[in-house]
Amino acid sequence: MKKLFSVLFAILVLVTFISAQSEKRKKEFNLEKSALAIRGYDPVAYFVQKKAVEGSKANSLVYEGVTYYFSSQQNKELFRANAARYEPQYGGWCAYAMGANGQKVEVDPETFKIKNEKLYLFYSKFFNNTLKSWNKDEPGLKIKADANWTKFLN
């Protein structure tokens with residue numbers, strides 16, 4: 001009986017931790033009110049098709065509190081098998097802004113870069129494409145962005 005209570009307590013602690021982590025992600029990630037990421041673009045398509053492709057609600061999946069849309073069932077299954085590989089870096093915020101000053105800045109889902117099997121998104125409006133600025137000092141900005149992003153998740 002004591003062992004059963006220990007197991008149940010461990011499960012309760014785990015569920016509480018996962019729920020808290022999901023809430024933290026929903027708070028810190030770049031999401032619409034419905035918890036939709038990347039404005040509905042398919043995170044797997046960036047890797048598979050090498051371009052930004054809109055997903056659909058019919059092919060949606062909630063991962064740790066964040067909703068993703070996919071352009072195909074196949075992409076959805078690829079994501080399900082390895083979500084960490086396909087999720088955008090820095091919660092989907094502009095990689096350049098995260099590196100330059102630790103700010104959460106909106107992105108243009110069609111302005112992106114895949115580097116070392118990671119997806120980076122960038123702001124691009126009114127003659128300001130931050131991907132160009134990122135490319136000028138990618139190693140330095142990435143180190144800063146990685147450090148700045150951990151502050152949001154702690």
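**Reading the fold**

Mentor: Begin with contacts. Among contacts in the protein with a separation of 6 or more, 56% join residues 24 or more positions apart. Keep in mind that this is a predicted model.

Trainee: How many helices and strands are there in the protein?

Mentor: Seven helices and six strands. Now read them in order along the sequence. The pattern is α-α-β-β-α-α-α-β-β-β-β-α-α.

Trainee: What share of the residues count as buried?

Mentor: The protein has 154 residues, and 39% of them count as buried.

Trainee: Which residues is T111 in contact with, beyond its neighbours within four places in sequence?

Mentor: The partners are Y120, L121, F122, S124, N129 and L131.

Trainee: Now K51. Where is the place of K51?

Mentor: K51 is in the loop between α2 (45-48) and β1 (56-63). Its relative accessibility is 47%, so K51 counts as partly exposed. Leaving out residues up to four places away in sequence, K51 touches A45, Y46 and F112.

Trainee: How far apart are K51 and K113 in sequence and in space?

Mentor: They are 62 residues apart in sequence. In space, the C-alpha to C-alpha distance is 9.6 Å.

Trainee: What should I look for in backbone angles?

Mentor: Most residues other than glycine have a negative phi. Two residues to look up here are E64 and N116. E64 is not a glycine, yet its phi is positive, near 45°. N116 is not a glycine either, and its phi is positive, about 55°.

Trainee: Where are the places of E64 and N116?

Mentor: E64 is in the loop between β1 and β2 (66-70). N116 is in the loop between β3 and β4 (118-122). Compare their accessibility with the cut-offs: over 50% is exposed, and partly exposed runs from there down to the buried limit of 20%. E64 has a relative accessible area of 31%, so E64 is partly exposed. N116 has 65%, so N116 is exposed.

Trainee: How many aromatic pairs does a search of the whole structure find?

Mentor: The search finds 10 aromatic pairs. One of them joins F70 and F79. Their ring centres are 5.2 Å apart, the planes are 55° apart, and the pair is tilted. Both F70 and F79 are buried. Then see whether pairs link up. Y63, Y68, F70 and F79 form one aromatic cluster.

Trainee: Which helix gives the largest share of the lining?

Mentor: Helix α7, residues 138-153, with three residues.

Trainee: How many lining residues are nonpolar, polar and charged?

Mentor: The lining of the largest pocket has seven nonpolar, two polar and five charged residues.

Key. Residues numbered from 1 in each chain as written. Predicted model: local features only at pLDDT ≥ 70, side-chain atom pairs only at ≥ 80, totals over all residues. Heavy atoms only, no water. Contact = heavy atoms within 4.5 Å. Phe/Tyr/Trp six-rings, centres within 6.5 Å; stacked < 30°, edge-to-face > 60°. Buried < 20%, exposed > 50% of the residue type's maximum accessible area, 1.4 Å probe, protein only. Helix = DSSP H or I, 4+ residues; strand = E, 2+ residues; numbered from the N terminus. Nonpolar A, V, L, I, M, F, W, Y, C, P; charged D, E, K, R; others polar.
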